Amino acid sequence: MDTKFIRKQRLERALIALSLACAFGILAFAGGMGLTKSRVAAAIIGAGIAVLAGWVFWRYPIVPFDEEAGFPFLKVISGVATVAALFQLARLCVFIINPIDVGYALGPSRGLGNTVNHSCLSAYFVAAQAAATVPNVYAYELYSFPLERPGAARKLRQIESFNVDAYEYPPPFLLLPRALRIVVPEFLRFRMIWFALNGAVLLLGLLAVVRVLGPVAGKRALLLSPLVLASDFTINTLQIGNLQAMVFAIAMLGMVLVAKRHYAAGGALLAFATVSKLFPGMLLVYLLVRREWRALAWTTAMTVVLVGISLLDTGRAPYDALLHHLPGLLGGEAFNAFRRPGPIAGNYSVPGMAFKLQLFGVAGASFGAMKVVGWIYTLIALAATIVVARRTLDRDVQPLVWLAILVLASLRSPFLPGYAVIPALWLLTLLAAVAAPTVKTLYIVLVAWLVLNISIPLLGPDPRLIAMIILLPQAVIVILIVLALRDRPEPASASH
């Protein structure tokens with residue numbers, strides 16, 4: 001074998017292994033701090049995980065070396081994005097470990113436009129603590145002080161230096177935070193563990209999809225994946241501890257396992273994703289149409305198990321409360337964000353566009369209009385899923401379709417802030433990976449990446465301006481879905 005080829009192969013493997021070692025090491029350090037409260041112990045854990053990850057990815061490359069698959073411009077983009085992602089991840093780790101260091105956090109002008117004391121994770125923590133003892137885990141008073149007068153602004157409760165967010169998820173999801181609270185009952189330590197878990201699951205999801213692709217597309221997807229992690233939206237979502245990116249990664253991991261015929265493990269992940277956020281249930285429609293009976297059976301069985309364990313853990317009260325709260329979740333009334341112009345304008349949801357029209361003085365732009373648009377859109381998403389599921393799909397196309405279905409389904413949510421961009425960025429990298437490898441293609445990818453990463457302070461400009469600007473990334477998301485779900489020539493041999 002050519003010596004120059006071997007050197008290039010080893011250098012590439014070393015750089016990829018080193019990058020992943022750094023990423024997992026940073027996450028492990030934060031997790032170690034949460035477990036031990038000792039910087040020395042956390043450093044040992046972080047270094048140990050980094051060394052282990054580096055060795056594993058060096059010894060067992062994620063994709064085979066293919067010099068033609070990674071041409072120079074692609075490698076330059078990958079290198080710059082990797083450095084940016086690791087830098088942002090390391091900075092954020094400082095804020096996760098020490099919330100006083102707000103200079104290391106993303107503020108209102110970047111990412112989701114949230115203040116540094118915003119924490120979605122606070123809702124999971126408070127709800128997990130209260131689920132077994134209060135009659136209504138969705139009660140306003142758990143997360144906010146009683147209103148001083150009708151129509152007054154919501155006055156948030158606080159946990160440490162963070163405002164407590166409202167819990168808006170089904171009860172079975174609480175199994176995860178309730179289990180973690182047994183290990184780390186203090187919020188700040190819980191936050192460190194969650195950051196490590198959230199980031200690790202997202203990384204594993206990206207890598208698992210890379211492995212299920214063919215060697216050439218997989219190599220390009222691997223090189224482009226740092227573009228997902230380098231985004232302010234991804235970093236900010238890890239900062240606030242929101243579940244959205246993790247659910248996408250878990251659902252995609254589940255589909256990868258199902259494709260590899262690991263039905264029990266895949267079904268368990270799909271079940272957890274579905275009972276946590278509901279929209280991944282659209283993948284079950286996909287599996288049903290494709291007659292993937294074993295995958296469906298395992299997913300159904302695991303769903304029953306998770307609900308059963310949840311009922312044993314917390315009792316029926318959270319489920320009774322959900323039945324009362326569910327119409328408001330589906331219709332939008334339950335979301336406090338719809339009381340403020342900035343979040344209304346920055347909403348990526350399809351039903352939310354109907355409500356957004358009130359900013360322009362359109363009569364009838366109400367929660368009722370949102371509900372009508374929401375159910376019409378649900379039928380459209382369902383029809384699109386059924387149509388694409390009936391096709392014979394090539395190996396490289398399958399992950400595109402899974403992810404596009406998830407993105408399509410997630411847009412049904414009444415309120416969907418900037419973290420909607422993360423799966424779209426992921427879909428962008430996968431589409432680029434299976435496309436013709438040209439410099440022009442990469443320029444288009446970079447432009448689309450920049451448009452998707454448009455970030456506007458929600459408390460700054462006129463909300464109508466925000467709403468108009470947000471149309472650009474929304475349009476890119478729609479284009480990506482259409483490209484991923486478009487009909488392609490039937491492959492010579494199907495791979496299921």
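Analyst: On a 1 Å grid over the protein atoms alone, a cavity is a set of points where a 1.4 Å probe fits but cannot get out, while a pocket is an open set with protein on both sides within 12 Å along at least five of seven lines. Lining residues have an atom within 4 Å of a point. Points join across faces, edges and corners, and a volume is the space filled by probe spheres set on them. This is a predicted model: local features need pLDDT of at least 70, side-chain atom pairs count only at pLDDT 80 or more, and totals for chains, interfaces and linings use all residues. Residues are numbered from 1 along each chain as its sequence is written, and side-chain values use heavy atoms, leaving out hydrogens and water.
User: How many cavities of 30 Å³ or more are there?
Analyst: The whole structure has three. The largest cavity holds about 80 Å³. Ten residues line the largest cavity, with Arg13, Ile16, Pro61, Ile62 and Val63 closest to its centre.
User: What classes of residue are in that lining?
Analyst: Eight are nonpolar, none polar and two charged (nonpolar: Ala, Val, Leu, Ile, Met, Phe, Trp, Tyr, Cys and Pro; charged: Asp, Glu, Lys and Arg; polar: the others, Gly among them).
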